[in-house]
Amino acid sequence: MSNKVIDVSNLTKMFGNFTAVDHITFDVEEGEIFGFLGANGAGKTTAMQMLCGISMPTAGEGTVAGYDIIKENELIKRNIGYMSQKFSLYEDLKVWENIRLFGGIYGLSDKVIAEKTDALLKQLNFQQERNTLVKYLPLGWKQKLAFSVAIFHEPEIVFLDEPTGGVDPAMRRQFWEMIYDAADRGITVFVTTHYMDEAEYCNRVSIMVDGHIDALDSPAALRKQFNADTMDEVFRQLARKAERD
Amino acid sequence: MKQFIAFVRKEFRHIIRDNRTLLIIIGMPIVEILLFGFAINMEVQNITVAFYDPKPDAFTIGIAERIKQNSYFNYQGNMQSMEKMEEAMRKGKLDLAVVFQQNFQEELVQSGKAAVQLLSNSSDPNRGSITATYATAIIAGYQQEQMDLIKIPFQIQTENRMIYNPQMKSSYMFVPGIMGLVLMIICTIMTSVSIVREKERGTMEVLLASPLKQGTMIFAKTVPYMVISFIDFIIILLLSYFVLGVPVNGSLILLFLVAIIYITLTLTYGLTVSTLVDKQVNAVIFSAITAMIPVLMLSGMIFPIDNMPGVLQTLSFIVPARWFIEAVRKVMIQGQGFFMIWKEVLIMIGMIFFLLLVTVANTKKRLE
Amino acid sequence: MIKVKDLYKSYGKSGKIKALNGVSFKVDDGEIFGVIGPDGAGKTSLFRILASLILPDSGSALMNGHDVVQDYRRIRQIIGYMPGRFSLYQDLSVEENLTFFATLFNTTIEENYHLIKDIYQQIEPFKDRRAGALSGGMKQKLALSCALIHKPEILILDEPTTGVDPVSRKEFWDMLARLKEQGLIILVSTAYMDEASRCDRIALIKDGEFIATDTPQGIINDYSDILWSVEGSRMSAMLKELRTHDMVMSSFAFGDKIHITVDAGFRRNELEQYLTNKDFRDVNIAPIEPTVEDCFMALTR
């Protein structure tokens, strides 16, 4: 029986009278690369905040990484990885200092941190940048490093919020190859993106419209279902029905 | 011109829609004025004292010598007339006037009682009351001494009169100070933050790429704060008059003039700060350190300038609020006219020009 | 017409960070010129120089005959500028923002309403809503309206579609196409390679230099390698496998397919057999036309 890393039903979030997330139900299995798509304002960010344990659902229930989303949200935070486009690393700290900082936050011992840092830098071919301040790294390198830091503590699941925005095509691909490797190691990857070709790299994809999930399946199946050539077209067909802004 | 009006309108909208800012600029003056009321007992030094003693005798000379010898007092001379005494006090040159009863010695010997009048300048009530206390103590000491020598009981009665502040209201002292502080906060901090916010939010970029002249924008940004700070000034004035009973002894128009000059000065300083920093946080910190703290500490608002060590006294020369507070005290509490405050006014106007020069020199027409 | 010659710009101590390393190009009236490249490649620096907001270290740029250094005042009257982040007033309403910018340029909404009608009508129902409360797509439409309200001769749009969902992105480009018909010069930058095809001409930028300047088709035509697409099961494993194959020069994932460039001696059936032997099923190899993205990756290899 495969392990469900995310298992939520009727998850809802309301801000006053406004229903940002409207009773969504879905699950994600261990080692899956799950794409979470939707237009801006459709409720993606709010939903992700609930899954990460940062925001309290108004209604609904579920578990993330085995912990209850309402009662055990602090434990969720400790057992996941998170990376967003807006912030990932401290610009005025060196590469190794960032790794140490986040390793410490997630409870790794100094010895383990030191060993894993060496291994990580070697794997990324990054040893010569060990003492470089993050702000001097090109964007693509920052993103790769941020991702590595996010999974440094080997969490069950890592949440990526538009991780490849503005990065050049070659770097984007390298990034996704890192995602594949992580998934192979058993880390579940939950990612949102506006690049529709990246949607294709996912095992399954969900599309949120006006607060609810209007489609959930593998990219191939969705393309067939909507009689479309690309995920771009699938998305457009669904978004056209949107009423929110 | 239309650009200017549109910009001013936009600025007012920003202010009104930001609840926190509104709370600060309307609520703060009211709160401060009502809460501010601690008494600071500080040692008072360098008390300028003069005597009115038309017919000196052994006793009056004895008392005068005691006071003169005391290190807290600074002997200014013997006044020829009461009018001259009052003039000196009005001009701020005299803290304490000691007036001996006529025929002091005779009275004392015949009836066993004689009076000394202590007139202390109480526009700074702290200073005034402490001055009187010191003098009284010295005279009591003299009395005790003499009684031991002569072995005849007698009593030197001291009569204290607080000039300019008969009811010893400390509010007289701090109302001008609060005005200075509040206006400085609103004008300097708010104005600089408002300009820097455009830089931080990115809207400055779009404004630069338009035909809008920098001068128009800067001027338009100061207008709402000028209006608001003037309203605040009136609020403070009304509250202190009606709630605290602080009189407005001088010309109201003169007071307004002084306020407008000071407001312009603090606004200009806000502009200067905005050319020096890039983040709102830094604008606040910079303003707080260079404006607020000096105003609190060095302007004479809480701690009398005369008590400060020489270095700080010199430093207080460049604190704009110092001149404002002095001018307001003179006009509002002492009821003086323009001739008494021309020095303060001139200094403030000079500061405005200096800051304007610095601002213009620093204003950039490009992003870098 | 925009004429740019040998622009150089660097930042930091002793010019450590080279933002622009000698950029030259021309844009004609009624053209949509796209500058395509990743973040940090120099797009924003270039656009800021052309908008007269920063000075180049050397080189020249003429915007409809006006020099960016000397005639900046005139340039600021004739351009419409949309910088990278949302740069309008969040706490003013849609209509208040638009009125403000119209007045800034000494005009009114009514005077040039026809210019922005298509765009503005979509957000007009929300004209009393605070700009900060709009969704990403609507913010872009508002920003575009504010940039157009004074009938500019040149539009400079710095990454207007970043962070915006695909549907809004497409709508935005539809609007640009309509604007072009009115004779505006449109200078636009983007990190999305697929938007390149919607420009008349594009320049691929990397590390402060234009590595190619042409029509999208022209750039594609210049692509010299032979490109194939490979599909099958277990795509990520297949990618690794292909990288070890002698005949395959490069292989990259492109959505649900892998694009490979091959040696002269490449035989499609051989590869098919090879992969099937390695337990990959449903293997399908087909020749394909390169996209702008393929060209970019080839040029930056």
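Visitor: Let's start with chain A. What order do the 4 strands of the open sheet take, and is the pairing parallel or antiparallel?

Guide: The order is β2-β1-β4-β5 in chain A, and the pairing is antiparallel. Keep in mind that this is a predicted model.

Visitor: Which strands stand at the edges, and why is one side of each left without a neighbour?

Guide: The edges are β2 (18-29) and β5 (67-68) of chain A. Each has a single partner strand, so one of its sides has no neighbour in the sheet.

Visitor: And how many bridges hold β1 and β4 of chain A together?

Guide: There are 5 bridges between β1 (residues 4-15) and β4 (residues 59-64) of chain A, and they pair in the antiparallel sense. If you want a spot to look at, Ile6(A) stands opposite Val64(A) in β4(A).

Visitor: Which helix packs on that sheet?

Guide: That's α1 of chain A, residues 44-51. Helix α1(A) touches β1, β2 and β4 of chain A, and its direction makes about 125° with that of β1(A).

Visitor: Further along chain A, how do β9 and β10 run, parallel or antiparallel?

Guide: Antiparallel, with 5 bridges joining β9 (residues 204-209) to β10 (residues 212-217) of chain A. Val205(A), for instance, has Asp217(A) as its bridge partner in β10(A).

Visitor: Which residue in that hairpin takes a positive phi?

Guide: Asp210(A) does, with phi near 50°. The hairpin of β9(A) and β10(A) has 2 residues between the strands.

Visitor: Switching to the assembly. Which pair of chains shares the most contacts?

Guide: Chains A and C, out of 2 pairs of chains in contact. Chain A and chain B have no contact joining them, and their closest C-alpha atoms lie 16 Å apart.

Visitor: Let's take A and C, then. How many residues does each chain give to the contact?

Guide: Chain A gives 25 residues and chain C gives 27. On the chain A side, α6 (169-184), α7 (196-200) and α9 (231-240) each supply at least two residues.

Visitor: What's the make-up of that chain A side by class?

Guide: The side of chain A that touches chain C divides into 13 nonpolar, 5 polar and 7 charged residues.

Visitor: OK, and how many residues make up the contact of chains B and C?

Guide: Here 19 residues come from chain B and 22 from chain C. On the chain B side, the elements giving two or more residues are α1 (2-17) and α8 (203-208) of chain B. The largest share, 7 residues, is from α1(B). By class, that side of chain B has 7 nonpolar, 5 polar and 7 charged residues.

Visitor: While we're on chain B, how many helices and strands are there?

Guide: Chain B has 14 helices and 5 strands. Its C-alpha trace spans about 90 × 40 × 30 Å along its principal axes.

Visitor: What percentage of chain B is buried?

Guide: Buried residues account for 39% of the 368 residues in chain B. As for contacts in chain B between residues at least 6 apart in sequence, 79% of them join residues at least 24 apart.

Visitor: On to chain C. I'm looking at α3: is it mostly covered or mostly open?

Guide: Helix α3 (residues 94-104) of chain C is mostly covered, with 9 of its 11 residues buried. Among them are Val94(C), Leu98(C), Phe100(C) and Phe101(C), along with Glu96(C) and Asn97(C).

Visitor: What covers those buried residues?

Guide: The cover includes α1 of chain B, plus α4 (113-123) and α5 (136-148) of chain C. Just after α3(C), you'll also find Asn106(C) with a positive phi of about 60°.

Visitor: Last topic. What are the domains of chain C?

Guide: The domain assignment gives domain 1 (2-221) and domain 2 (226-299) of chain C. Their C-alpha centres lie 37 Å apart.

Visitor: How many residues of each domain are in contact?

Guide: 9 residues of domain 1 touch 7 residues of domain 2 in chain C. On the domain 1 side, β10 (209-214) and α7 (216-221) of chain C each supply at least two residues. The largest share, 3 residues, comes from α7(C).

Visitor: And what classes of residue are on that domain 1 side?

Guide: The side of domain 1 of chain C that touches domain 2 has 8 nonpolar residues, 1 polar and no charged ones.

Conventions. Residues numbered from 1 in each chain as written. Chains lettered and ligands numbered in written order. Predicted model: local features only at pLDDT ≥ 70, side-chain atom pairs only at ≥ 80, totals over all residues. Nonpolar A, V, L, I, M, F, W, Y, C, P; charged D, E, K, R; others polar. Pairing = 2+ DSSP bridges. Buried ≥ 20, exposed ≤ 12 C-beta atoms within 10 Å, placed from the backbone. Axes fitted to C-alpha atoms, helices over the stretch in contact; angles between N-to-C directions. Domains from an automatic or database assignment.
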